[in-house]
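Dear colleague,

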Amino acid sequence: MPNWVTNSLSIEGDEEQIKKLKEQVGAPYERNVYDHEKKEVVTNKYPNPIFSFWNICRPPDDKLDEYEQRHGFVDGKETGHTEFNWYNFNNREWGTKWDVANVDYQDTTISEPSPTEVSYGFQTAWSPPEEAIQKLSVIS
């Protein structure tokens, strides 16, 4: 069980920038994940995320198979912790082990005080998502 970090993020911009940002971070997506009970990769659907690091920075399509491997193991055989293994990728590119509140969004909030500002509140595992927020700040 991780120690959860509570994060607050406020963003200001013109109406078009804020609209584009909300559409990007809240875009629906599907992702393959390893199901520990079934011992297989399954597809999870996220039809209405509020805020997701996956929508800010995700592995390249040709690295998704590598990303989905379980801690560097395939069919019970160790493959090593590769550069695009989910654990290494998430920590390096997002600054935290899992997506926002483990991608369940229960603890994610959005506040829109005006059309030119938006605030998000969310939790992350172990550390703030400094790398993800840095990447978000340079997206045009």
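The notes below concern a helix, a hairpin and the nonpolar core. Please bear in mind that this is a predicted model.

Helix H1 spans residues 15-25. Ile18, Leu21 and Val25 of H1 are buried. These three residues lie on the same side of H1, because the arc they cover around the axis is only 65 degrees. The exposed residues Glu15 and Glu16 sit on the face turned away from that buried side. Among the elements covering the buried residues of H1 are E1, E7 and H4.

Strands E2 (residues 29-35) and E3 (residues 40-46) pair in the antiparallel sense, with 7 bridges. Within this pairing, valine 33 is placed opposite valine 42 of E3. The hairpin leaves 4 residues between the strands, and lysine 39 adopts a positive phi near 55 degrees there.

The largest nonpolar core comprises 26 residues, and Phe51, Phe53, Trp94 and Leu136 have the most contacts inside it. Leaving aside residues up to four places away in sequence, tryptophan 94 touches Phe53, Trp54, Cys57, Tyr67, Phe89, Asp99, Pro129, Glu130, Glu131 and Ala132.

With kind regards

Definitions and conventions. Residues numbered from 1 in each chain as written. Predicted model: local features only at pLDDT ≥ 70, side-chain atom pairs only at ≥ 80, totals over all residues. Heavy atoms only, no water. Pairing = 2+ DSSP bridges. Helix = DSSP H or I, 4+ residues; strand = E, 2+ residues; numbered from the N terminus. Core = buried A, V, L, I, M, F, W, Y, C linked by side-chain atoms within 4.5 Å. Buried < 20%, exposed > 50% of the residue type's maximum accessible area, 1.4 Å probe, protein only. Contact = heavy atoms within 4.5 Å. Arc of directions from axis to C-beta.
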